[in-house]
There are 2 protein chains.
Amino acid sequence: MKKEKTISESEWVVMEYLWENPLATITEIRKALSANGWSDSTIKTLVRRLVSKKAVAINDEEPVFRYKPLLSKNECRLKETKSFLNRVYNGSVSMLVTNLASESNLNEKETAELLSLIEKMGKD
Amino acid sequence: MKKEKTISESEWVVMEYLWENPLATITEIRKALSANGWSDSTIKTLVRRLVSKKAVAINDEEPVFRYKPLLSKNECRLKETKSFLNRVYNGSVSMLVTNLASESNLNEKETAELLSLIEKMGKD
DNA sequence: ACCCAAAGTTTACACTTGTAAACTCAAACG
DNA sequence: CGTTTGAGTTTACAAGTGTAAACTTTGGGT
């Protein structure tokens, strides 16, 4: 069993940026993320940790290093979604959606339609 | 700013049990959860932490202590769901559902219907 | 040729989480 | 009554996270 390193909340923010800007330099990353109130050091640490988790790779052809995500946004999302679903909703998509629906303002009929569609998704 | 103590993954398992069995005694909790491979001590620690996080209350009227959840499953779920949505899907329900739909086997038309329903939910 | 700022590396430190042993105290058993 | 046992409390300890300072090296400017 490998370790299955997870991406932490703060690290996600960095990943989001890298997904939008693959091959960014640190300067770029710093510029963009310092708005979050993070210091230089913090950002460097986050990037370094992502590299050591093999979520980001370093391109060191040129004088400057460029950082590139190794995992796609989609695969990360799916993984997170799955673990979230299991933890909070026993893996049941329909329960999740029911909850979302009840939080917003769908009426009875709409909710029913929604659920029947979800059912078609097969394994909830 | 209050601390916003969060319930960890392991603690969540304990909460699940308490939601099903409010006012359970430790012995009961232990019996039920030792199946997860946790030692006695571990379970006691988890319960204690939940108490200190004010997620669980102690009823000490009788000789034995009984533990009771202070937060409902629904409110915990909603809170988790919201933070998950923000973290992973920028708070967009429709993006989440799109992703779930694409993972299963909805066809074009079904997916479209699903999305239009989700749109009716207002704020994505 | 020399200094500085920025890139990259090392070290730090408190808090949370997973996991659990050790200790204390009272009730139950024999 | 003394001993075992389980409930509750204290202490432990490594890994992960948030957050960042300090140190080192090096290309660019003067």
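I looked up which elements face the DNA: α2 (26–33) and α3 (40–52) of chain A together with α1 (9–20) and α3 (40–52) of chain B each supply at least two residues of the surface near DNA strand C. A residue is taken as near a strand if one of its heavy atoms lies within 4 Å of it. Helices are DSSP runs (H or I, at least four residues), numbered from the N terminus. The model is predicted, so I note its conventions: local features need pLDDT of at least 70, side-chain atom pairs count only at pLDDT 80 or more, and totals for chains, interfaces and linings use all residues. Residues are numbered from 1 along each chain as its sequence is written, chains are lettered from A and ligands numbered from 1 in the order in which they are written, and side-chain values use heavy atoms, without hydrogens and water.

**Entry 1: DNA strand C**

I found 20 residues around DNA strand C, the closest being A:I26, A:T27, A:F65, B:S8 and B:S41. By class, the surface holds 4 nonpolar, 8 polar and 8 charged residues. Here Ala, Val, Leu, Ile, Met, Phe, Trp, Tyr, Cys and Pro count as nonpolar, Asp, Glu, Lys and Arg as charged, and the others, Gly among them, as polar.

I then looked up distances to phosphate oxygens of DNA strand C. A polar side-chain atom of B:K5 lies 2.9 Å from one, and a side-chain N or O atom of B:T42 lies 3.0 Å from one. For A:F65, a backbone N or O atom lies 3.3 Å from a phosphate oxygen.

**Entry 2: the largest pocket**

I recorded a volume of about 850 Å³ for the largest pocket. Its lining has 26 residues, and A:T6, A:I7, A:E80, A:S83 and B:R87 are the closest to its centre. The elements giving two or more residues to this lining are α4 (73–89) of chain A and α4 (73–89) of chain B. The most comes from α4(A), with 7 residues. The lining divides into 14 charged, 7 nonpolar and 5 polar residues.

**Entry 3: B:T81**

Is B:T81 buried or exposed? I count B:T81 as buried because its relative accessibility is 3%, the limit for buried being under 20% (1.4 Å probe, protein chains only). B:T81 sits in helix α4 of chain B. Beyond its neighbours within four places in sequence, B:T81 is in contact (heavy atoms within 4.5 Å) with A:F84, A:Y89, A:L96 and A:L100.

Methods: On a 1 Å grid over the protein atoms alone, a cavity is a set of points where a 1.4 Å probe fits but cannot get out, and a pocket is an open set with protein on both sides within 12 Å along at least five of seven lines; lining residues have an atom within 4 Å of a point. Grid points are joined across faces, edges and corners, and a volume is the space filled by probe spheres set on the points. Buried means under 20% relative accessible area, exposed over 50%, partly exposed in between (1.4 Å probe, protein chains only). A polar contact is a pair of N or O atoms within 3.5 Å; within protein, one must be able to donate a hydrogen and the other to accept it, and residues adjacent in sequence count only if both atoms are side-chain atoms.
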